[in-house]
Amino acid sequence: MVPLYESLGIDDVLSPGNIETFTNLMWSEGNPAFSQTVQSFSDQLSELDKIMRTMVVESLGLEKYVDEHIDSTKYLVRVQKYDGPQTDETKLGLSSHTDKNTMTILYQNTVSGLEVLTKDGQWITAQPSPDSFIVMIGESFHAWTNGRLYPPYHRVMMTGEEARYSIGLFSVPKSGYIIKAPEELVDEEHPLLFKPYDHVQFLDFYYTQAGQTSKSALKEYCGV
């Protein structure tokens, strides 16, 4: 469905040995430079993730939930390639979607292509500087904050001959952790949007035919 796109991921990337296991799958002789780079990237970006999520939680007056919220996730690193379509005609690199995790931090090369849908329905091209990251909220954080944060639809559109490369760090709720909006964020002006749910069980639904064809899989799965 998206022939220009391919990716590889390392789940639970901060757990000892997971990066080396992945590296040895790809290079039987090992690749220390790759392992060290991914480890450094993961260590530093996970700290950035924690800082930003802590700032959000504290800004909502929910300091007492910071430790629980930070400890509720693990990290996935994904390396991604989008081939240039070899034409000036714009081609789909990755279909429009929202991220289902907690928070996403992306770094890309100089080839643009990422587009984000604004709340007023306009697609804009993300054009980060070479020294910056793109941060996007996922649906899990949207649900935890009872709608205070917005998980944007985004896609990748490719043109020309050059390939687009990106690497992302995804904070992902751990299996068994129940995502539930704190009671402080539920009131008459902000009624509860989602019933408490397990992220991994939600993904099981999301990848069914019903989940894939739903306009909002999370609402269909556990919406109030």
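Aspartate 12 sits in the loop between S1 and helix H1 (18-26). (Helices, H or I with at least four residues, and strands, E with at least two, are DSSP runs numbered from the N terminus.) This is a predicted model, in which local features need pLDDT of at least 70, side-chain atom pairs count only at pLDDT 80 or more, and totals for chains, interfaces and linings use all residues. Residues are numbered from 1 along each chain as its sequence is written, and side-chain values use heavy atoms, with hydrogens and water left out.

What is the phi of aspartate 12 near? Phi is near 50° here, a positive value in a residue other than glycine. Most residues other than glycine have a negative phi. Aspartate 12 counts as partly exposed because its relative accessibility is 28% (buried means under 20% relative accessible area, exposed over 50%, and partly exposed in between, with a 1.4 Å probe and protein chains only).

Asparagine 146 also has a positive phi, about 55°, although it is not a glycine. You'll find asparagine 146 in the loop between H4 and S8. Is asparagine 146 buried or exposed? With a relative accessible area of 4%, asparagine 146 is buried.

## Serine 46 and its neighbours

Now look along helix H2 (residues 32-59), where serine 46 lies. Serine 46 has 2% relative accessibility, so it counts as buried. Leave aside its neighbours within four places in sequence, and serine 46 is in contact with Leu14, Tyr75 and Leu169 (contact means heavy atoms within 4.5 Å).

Take leucine 169: it is 123 residues away from serine 46 along the chain, yet their C-alpha atoms are separated by 7.5 Å. A polar atom of the serine 46 side chain also lies 2.9 Å from the backbone oxygen of aspartate 43.

## Rings that pair up

The structure holds 11 aromatic pairs. (Rings of Phe, Tyr and Trp, using the six-membered ring of Trp, pair if their centres lie within 6.5 Å; planes under 30 degrees apart count as stacked, over 60 as edge-to-face and the rest as tilted.) One of them joins tyrosine 65 and tryptophan 144, edge-to-face at 6.3 Å centre to centre with 80° between the planes. Tyrosine 65 is in the loop between H2 and helix H3 (66-71) and tryptophan 144 is in helix H4, so this pair ties together parts that are 79 residues apart in sequence. Both tyrosine 65 and tryptophan 144 are buried.

Tyrosine 197 and phenylalanine 202 make an edge-to-face pair too, because their ring centres are 5.9 Å apart and their planes are at 75°. Tyrosine 197 and phenylalanine 202 are both buried. Ring pairs link Tyr197, Phe202, Phe205, Tyr206, Tyr207 and Tyr221 into a cluster.

## The pockets

Next come the open spaces. (On a 1 Å grid over the protein atoms alone, a pocket is an open set of points with protein on both sides within 12 Å along at least five of seven lines, a cavity is a set where a 1.4 Å probe fits but cannot get out, and lining residues have an atom within 4 Å of a point.) The largest pocket holds about 1,200 Å³ of space (grid points are joined across faces, edges and corners, and a volume is the space filled by probe spheres set on the points). Its lining has 40 residues, with His97, Thr98, Asp99, Tyr206 and Tyr207 nearest the centre. Which element gives the largest share of that lining? S2 does, with 5 residues.

The second largest pocket has about 260 Å³ of space. Its lining includes Thr98, Glu139, His142 and Tyr150. Helix H4 (139-144) and helix H7 (217-222) are the elements that give two or more residues to this lining.

## The cavities

There are 2 cavities of 30 Å³ or more. The largest cavity has about 60 Å³ of space, and among its lining residues are His69, Phe141 and Trp144. H4 gives the most to this lining, with 3 residues. The lining divides into 5 nonpolar, 5 polar and no charged residues (Ala, Val, Leu, Ile, Met, Phe, Trp, Tyr, Cys and Pro count as nonpolar, Asp, Glu, Lys and Arg as charged, and the others, Gly among them, as polar).

The second largest cavity has about 40 Å³ of space. Its largest share of lining, 3 residues, comes from S4.

Definitions and conventions:
Polar contact = N/O pair within 3.5 Å; in protein donor to acceptor, adjacent residues only side chain to side chain.
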